[in-house]
Amino acid sequence: MMKKITSLSEAQNKVLRDLRVCIKRIHDLTQAHVETVKEGIAIIRAIRTELYEDLNQIQHEEMILRAIDYLQKKEVRGSKIEWNWNPRQTGSGDEPDLVGRENDCIVISAEITTSEKPVGVLDKRMKATLDKLNKMKGRKYYFVRTSIMENRALTKIEKSKHSIEVRKI
């Protein structure tokens, strides 16, 4: 379910709190002295089990906030847009990661990916995400982190004739 962002600074503070908890947990898990492969593997498994989701989701949250900052500074300066997000990628299949509304109308729909390279399942997921985003209302954006993801998204968008703008932030 989409959540309203009432304050960008409050949302950034939430991400900072999440980061601190995650980093402390990593620190705690890595303090053990490793004498054997079995002990080392146990630590790595614990990190993966306890933190895998947070490692992905916290990056996603932070990038959504950077997308809002980018949009406010470069695309919709001066607009009174109300932002709604799915910070933990928990939205339904028909909701984007970020929605901008003005006068109760959706003016922006955006998807965000923190993936570094479009390989394997990530490449297939990108296509599905772009197909989904293309059906959304408003101006459509796909935010990526790397040039290789930007280039791959542009290729997929062109091939599918989607009306989506790609932004590397």
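Two aromatic pairs occur in the structure, which is a predicted model. Rings of Phe, Tyr and Trp (its six-membered ring) are paired if their centres lie within 6.5 Å; planes under 30 degrees apart count as stacked, over 60 as edge-to-face and the rest as tilted. A pair of aromatic rings is described by the distance of the centres and the angle of the planes. The ring centres of Y70 and F143 lie 5.9 Å apart and the planes stand at 75°, so this pair is edge-to-face. Distant parts of the chain are linked by this pair: Y70 belongs to helix 2 (residues 37-75) and F143 to strand 5 (residues 139-144), 73 residues apart. Helices (H or I, at least four residues) and strands (E, at least two) are DSSP runs, numbered from the N terminus.

Y141 and F143 make a stacked aromatic pair, with 5.9 Å centre to centre and 25° between the planes. Y70 and F143 are both buried. Buried means under 20% relative accessible area, exposed over 50%, and partly exposed in between (1.4 Å probe, protein chains only). Y141 has 0% relative accessibility and therefore counts as buried. The relative accessible area of F143 is 0%.

A nonpolar core is a set of buried Ala, Val, Leu, Ile, Met, Phe, Trp, Tyr and Cys residues joined through side-chain atoms within 4.5 Å. The largest such core has 25 residues, and L71, W83, L98, I112 and F143 have the most contacts inside it. Two or more residues each come from helix 1 (8-29), helix 2, strand 2, strand 4 (105-112) and strand 5. Helix 2 contributes the most, with nine residues. Contact means heavy atoms within 4.5 Å. Leaving out residues up to four places away in sequence, W83 touches K3, K4, I5, I68, L71, Q72, V76, L98, V99, G100 and I108. A second, separate core has eleven residues, among them L133, M136, V144 and A153.

E111 is located in strand 4. E111 is buried, at a relative accessible area of 5%. Its side chain reaches the backbone nitrogen of D97 at 3.5 Å. Beyond residues up to four places away in sequence, E111 touches E95, P96, D97, T129, K132, L133, Y141, Y142 and F143. N86 lies in the loop between strand 2 (82-85) and strand 3 (98-102). N86 is buried, with a relative accessible area of 1%. The side chains of N86 and E95 are joined by a polar contact of 3.5 Å. A polar contact is a pair of N or O atoms within 3.5 Å; within protein, one must be able to donate a hydrogen and the other to accept it, and residues adjacent in sequence count only if both atoms are side-chain atoms.

The protein has four helices and six strands. Along the sequence, the pattern is β-α-α-β-β-β-α-β-α-β. Of the 169 residues, 39% are buried. Among contacts with a separation of 6 or more, 65% are between residues 24 or more positions apart.

Residues are numbered from 1 along each chain as its sequence is written, and side-chain values use heavy atoms, with hydrogens and water left out. Local features need pLDDT of at least 70 and side-chain atom pairs count only at pLDDT 80 or more, whereas totals for chains, interfaces and linings use all residues.
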